[in-house]
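Biologist: Hi, could you walk me through this model? I'd like to start with a loop and then move on to the helices and sheets.
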Amino acid sequence: MASSACKSCDAPSSFSSSASGLSTHKETLEEIPKTDAPFDKVSPPDVEPEQSLRASENPTDDSDLNHTLTFHGQGGTLLGIQAVNIFLTLVTFGIYLFWGKVNVRKYLIGQTAFKGDRFAYHGTGMELFIGSMKAFLVLGAMTALFQAAPLMPGGKAVSILAFTSGYLGFMLFIPIAVVGSLRYRLSRTSWRGIRLSFRGPVKDYVKISILGGLFSFLTLGLYYPIFHARKRSFLVSNAYFGSLSFDFDGEGKDLFNSFLLALLLTIPTLGFCWFWYMAERHRYYWSHTKLGSSKFKSTVTGSRLLILSLTNILLLIVTLGFAWSWTSIRKVQFNCSNLLLEGRLDMESIFQDAQSATATGEGLGNLLELETDFGIG
Amino acid sequence: MKPILELADSHLQLTWEGDYLDGWSANRQRVGVYLEKHRISIKTESGEVFYLPYQELRQTQGFYEGEPVRFEWDGDTPRALVIQDSEFLPSLHRNVGNKASHIHNPANRSLRLKLTFAAAVSSIVIAASLYLWGIPTIASLATHYVPVSWEKKLGAGVMSYLAPPEKLCKNKELRQSVQLIFSGLIPVNSDIPYSFEISIIDSRIVNAFAAPGGYIGLYHGLIEQTKSPEELAGVLAHEVQHIVKRHSTRALLQQASSNILMSALTGDLSGAQAFGLASADNFFRLKNSREAEREADEEGMKMILEAGIDPEGMIHFFDHIKEYEENLPGIYKYLSSHPGTRSRVSHLNILAKHAPEGKTTKLIGNDLWDKIKKSC
């Protein structure tokens, strides 16, 4: 569905009305009647030269070597959005929940800017509602299998078989939901009008998850950092910004020593050492992530992550959860302010290449309460 | 950001600067934007101009202070126009009027703030009334429609978990005596739809419980603490009333509906908020359980009186257990699940005063009971 409208037109910047199929009208300046031609008053040129240099597309703008993310969201506004969401969810007997989720997402994504341009979220409540209903039916069938297992005719063997297949079904759903969620969310997110997308085949992720889970179990968890990095690698290297692919060349074995150290220090540090491990892993992952020829860099540190997490938890406890909006904002702010993209980003080489995605995976992810983003904290 | 045309009054300003995204490339182009009567005209730096009727513009950003205004048009991968200047929207509405009524008007933000506040207050009122009155009322009404057979299944499940056969006292004399005491409680022509089943659990715990569908669990520790069969009759009468009044079934329904309400409220929230609400939920559940206890006491006492059993037994038991428990760790306490005993004893005393004149039935001799209650 979301294939680029302009894929069919080879001249994307010509503003031809036929390319869009909608009634945008192209006219040259000469064609506009004098009385209806306000630009005459300001042209030529219609933009001051220094203004033009500052604001228009220019080579120095995009060849800057550090590109930062900024976040403009405010806790008070998010609280207001949430209050309206709760009200409408209550009076619609829960149906509005999906529209509410979209409102929050639109706000958080719309308040995030990269190189000064805001991201945009294009998902709708209706598609999330339909996706969630489908996911609900699928999960409902699995749950029924679970419930019916002890009542199955044919004795204990059949019951165990039904239970095991139900359990494996759930295990299978997690990777399917992770990929589905990511595919949906990226397909609905854009920057400068260019959609992100995820193009990895779900069966590969299921394979990685099952094998990785099994190895981690057999090695008493020692395989986990390698497993985690493999998942990350799959999720990142199959993500695209328009026609430009993200790349990931990190390997879990590079994190193994730190993981082992964190494991050993768990008891003496009461588990707090994991904040440092998480920060290190986050930095490592991003430093091995590329977009085109540009490299990401994360500046997250263990102490800052610990302070963020502790103060957020404290805020939530003290306010009985009402500080949720502020803690969410702090989290996104933290993620944005600690991430930058280094190197020249060639805007000329990036084109729209949107991919279709349904919200069913997202619905599954919501039902299973999965978190699918690349943030931390 | 400066407008292209510097006019003395931004109210009248019709020409603005914006960025145009063509939905195809990641380059943004600087454009001039002009507000006309029925349409917006956009002129690129290369001199191309195109027009868009206001109705075709979809506003997707610019609803909050400081957020640039974003209009989109066309299908799946739309083109977009982004205008940074916060004066643009007010100017649009002043100059274009109701042609742009579908576009956000910052002048309405104070009204939106008031409505948001009203929505927040209403949410609290609705959620609280649903929780405090709506759900309990619905649960009480719905409880009457739960078939006894469902309750029996549920109760059997609870019993297989809390009182599995291998943990039960096997002593025949004890079981028969308890059954004798119990049968004295239920009138012959009773219309109670349950057939009761009492399980005596071999444990030092001083407690008793009722599961839906007619199941009563008695811990042997509690039996040992009774000084007379009448005291045990008091406990049994209390538990029978929990079953007859369907307290646990109602609590289950209530909990299920509260969970739905909670998930509606915490749909997008994190664990801590859910934790806050769950604590409040526990607090009210405890309050509800106290009410259920009082009802079971009152109705239980009526049952004792109607059966012609000495009401002092029930009162003694609660009185005695209160003193006994002061030296016990939490898990063994009857009071841990039966709160507010001090006031309950005095309440039972008042109820017992309404006892009809006449001789009470002696169930089993106290000496014999002392002997029987020790076996298991």
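Modeller: Happy to. Let's begin with Phe93(A), which sits in the loop between helix H4 (75-91) and H5 of chain A. Helices (H or I, at least four residues) and strands (E, at least two) are DSSP runs numbered from the N terminus.

Biologist: Before we go on, what kind of model is it, and what counts in it?
Modeller: This is a predicted model, in which local features need pLDDT of at least 70 and side-chain atom pairs count only at pLDDT 80 or more, while totals for chains, interfaces and linings use all residues. Residues are numbered from 1 along each chain as its sequence is written, chains are lettered from A and ligands numbered from 1 in the order in which they are written, and side-chain values use heavy atoms, leaving out hydrogens and water.

Biologist: Back to Phe93(A), then: what is its phi near?
Modeller: Near 55°, a positive value in a residue other than glycine.

Biologist: And is Phe93(A) buried or exposed?
Modeller: Phe93(A) is exposed, with a relative accessible area of 78%. Here buried means under 20% relative accessible area and exposed over 50%, with partly exposed in between (1.4 Å probe, protein chains only).

Biologist: How about Arg192(A), which also isn't a glycine: what phi does that one have?
Modeller: Arg192(A) has a positive phi of about 50°. Its place is in the loop between S5 and S6 of chain A, and at 1% relative accessibility Arg192(A) counts as buried.

Biologist: How do S5(A) and S6(A) pair?
Modeller: Strand S5 (residues 189-191) and strand S6 (residues 194-198) of chain A are antiparallel, with two bridges. Ser190(A) has Arg195(A) in S6(A) as its bridge partner. Two strands pair if DSSP finds at least two bridges between them.

Biologist: Which strands make up the barrel?
Modeller: Ten strands of chain A close into it, in the order S2-S3-S4-S5-S6-S7-S8-S9-S10-S11, with antiparallel pairing. On average, neighbouring strands of this sheet are turned by 30° against each other, direction ignored. Axes are lines fitted to C-alpha atoms, for helices over the stretch in contact, and angles run from 0 to 180 degrees between N-to-C directions.

Biologist: Which strands does H5(A) lie across?
Modeller: Helix H5 (residues 97-110) of chain A lies across strand S2 (66-71), strand S3 (112-114), strand S4 (117-121) and S5 of chain A, at about 165° to S4(A). Helix H13 (residues 324-337) of chain A lies across S2, S3 and strand S11 (339-342) of chain A, and runs at about 175° to S2(A).

Biologist: Switching to H8(A): how far does it reach?
Modeller: Helix H8 (residues 202-218) of chain A has 17 residues and reaches 24 Å from first to last C-alpha, close to the 24 Å expected at 1.5 Å a residue. That expected span is 1.5 Å times one less than the number of residues.

Biologist: And which of its residues are buried?
Modeller: Tyr205(A), Val206(A), Ile208(A), Ser209(A), Gly212(A) and Ser216(A). They cover an arc of only 160° around the axis, which puts them on the same side of H8(A); the arc is that of the directions from the helix axis to the C-beta atoms. On the other side, Lys203(A), Lys207(A) and Leu218(A) are exposed.

Biologist: Which residues touch the most other members of the largest nonpolar core?
Modeller: Of its 58 residues, Phe198(A), Leu235(A), Phe241(A), Phe246(A) and Leu291(A) do. H5(A) gives the most to this core, with six residues. A nonpolar core is a set of buried Ala, Val, Leu, Ile, Met, Phe, Trp, Tyr and Cys residues joined through side-chain atoms within 4.5 Å.

Biologist: What does Leu235(A) touch?
Modeller: Leaving out residues up to four places away in sequence, Leu235(A) touches Val178(A), Val179(A), Leu182(A), Phe198(A), Tyr205(A) and Phe374(A). Contact means heavy atoms within 4.5 Å.

Biologist: On to chain B. Why is S3(B) largely enclosed?
Modeller: Because five of the six residues of strand S3 (residues 39-44) of chain B are buried. Five bridges join S3(B) to strand S2 (residues 28-35) of chain B, and the two run antiparallel. Those strands form a hairpin with three residues between them.

Biologist: How many bridges does S3(B) make with S4(B)?
Modeller: Five, in the antiparallel sense, with S4(B) covering residues 48-53. Ile42(B) stands opposite Phe50(B) in S4(B). In that hairpin, which has three residues between the strands, Gly47(B) takes a positive phi near 100°.
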